[in-house]
Amino acid sequence: MRELDTVLFDLDDTLHDDTSAYRAAARVVAEAIARERGIEPQALVDAYDGAAMGFWSALTTEHLTLAIGDERERMWYEALRKVHIDDRALARRAADAYVRARADVLVLAPGAVELLETLRLRGCKLGLVTNGFAATHHDKIDRLGLRERMDAFFLADEVGMVKPDPALFRYACRKLGSVPERAAMVGDAIPLPNGAPRPDAIVPTIADVLGVLPIPAAR
């Protein structure tokens, strides 16, 4: 196998469990609204989950000019309507409360720090490639302690491209002084273009990634 000098990482559900974090935050918001409006909190959590999944799964470059704060308010408004509450002011409050609640539950996945440190010691450049928006993801990067652990950050709205566009990965490699032939992308579920080769390896946890990467010995 080729020897690597660059490793690119997805963020959400790769370096940290974003699904658990956003559902926990949504639960906090839903329970507060449930106490105020007398509804079933799980129904609102499920409705928000559906709205959020719909937004992120449909993300294209056309979405990159949208303000994520406005979109999150729209998602909460859509979720509230699902439980028969039509209140835009409440949707705004819910979106703000959700951001605060999620900040409290952000934590790196077990083994992530050790993996990043080991790759750095082996001489690898590290980059973060995410379809997240700068308005929220720079704060997330700092809260997770990734700012000082990686060499570059490639956020969708800052670079004007979204995964799985091959141009995005080529751009990241170029900025890190590498080429795709010497780089690997680590992610949880990247949709593959038609005809694309299968992943070189599939592992159960982020802690198992090091064992499948052909990287130099420690320098």
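**Charged pairs and the sheet**

Reply: The side chains of Asp86 and Arg81 meet in a salt bridge, at 3.4 Å from N to O. A salt bridge here is a side-chain nitrogen of Lys or Arg within 4 Å of a carboxyl oxygen of Asp or Glu. The model is predicted: local features need pLDDT of at least 70, side-chain atom pairs count only at pLDDT 80 or more, and totals for chains, interfaces and linings use all residues. Residues are numbered from 1 along each chain as its sequence is written, and side-chain values use heavy atoms, with hydrogens and water left out.

Me: Is Asp86 buried or exposed?

Reply: Asp86 is exposed, with a relative accessible area of 55%. Buried means under 20% relative accessible area, exposed over 50%, and partly exposed in between, with a 1.4 Å probe and protein chains only.

Me: How many salt bridges does that rule give?

Reply: The count comes to 18 salt bridges.

Me: And which residue does Arg102 pair with?

Reply: Arg102 forms a salt bridge with Asp18, and the closest N and O atoms are 3.6 Å apart. This pair links distant parts of the chain, with Arg102 in helix H4 (residues 88–103) and Asp18 in helix H1 (residues 18–37), 84 residues apart. Helices (H or I, at least four residues) and strands (E, at least two) are DSSP runs, numbered from the N terminus. Arg102 is buried, with a relative accessible area of 10%, and Asp18 is buried at 8%.

Me: What about Lys140 and Asp18?

Reply: Their side chains meet in a salt bridge, at 3.2 Å from N to O. Lys140 lies in helix H6 and Asp18 in helix H1, 122 residues apart. Lys140 is buried, and so is Asp18. Asp12, Asp18, Arg102 and Lys140 are linked in a network of salt bridges.

Me: Where does Arg72 lie, and what does it touch?

Reply: Arg72 lies in helix H3 (residues 68–82). Arg72 is buried yet has no salt bridge; the nearest side chain of opposite charge, Asp18, is 7.9 Å away. For charge, Lys and Arg count as positive and Asp and Glu as negative, while His and the chain ends are not counted. Not counting residues up to four places away in sequence, Arg72 touches Tyr48, Ala95, Tyr98, Val99, Arg102 and Thr136. Contact means heavy atoms within 4.5 Å.

Me: Changing topic: what is the strand order in the sheet?

Reply: The open sheet has 4 strands in the order E3-E2-E1-E4, with parallel pairing. Two strands pair if DSSP finds at least two bridges between them. The edge strands, each pairing on one side only, are E3 (152–155) and E4 (183–186). Strand E1 (residues 6–9) and strand E2 (residues 125–130) pair over 4 bridges, and Val7 stands opposite Leu126 in E2.

Me: Which helix lies across E1 and E2?

Reply: Helix H5 (residues 112–121) does, running at about 155° to E1. Helix H6 (residues 134–143) packs on the sheet, touching E2 and E3, and its direction makes about 150° with that of E3. Axes are lines fitted to C-alpha atoms, for helices over the stretch in contact, and angles run from 0 to 180 degrees between N-to-C directions.

Me: Which residues of H8 are buried?

Reply: In helix H8 (residues 166–175), they are Leu168, Phe169, Ala172 and Cys173. Seen down the axis of H8, they fall within an arc of 135°, so they line one face of the helix. The arc is that of the directions from the helix axis to the C-beta atoms. The buried residues of H8 pack against E1, E2, E3, helix H7 (156–159) and E4. The face turned away from the buried side carries the exposed residues Arg174 and Lys175.
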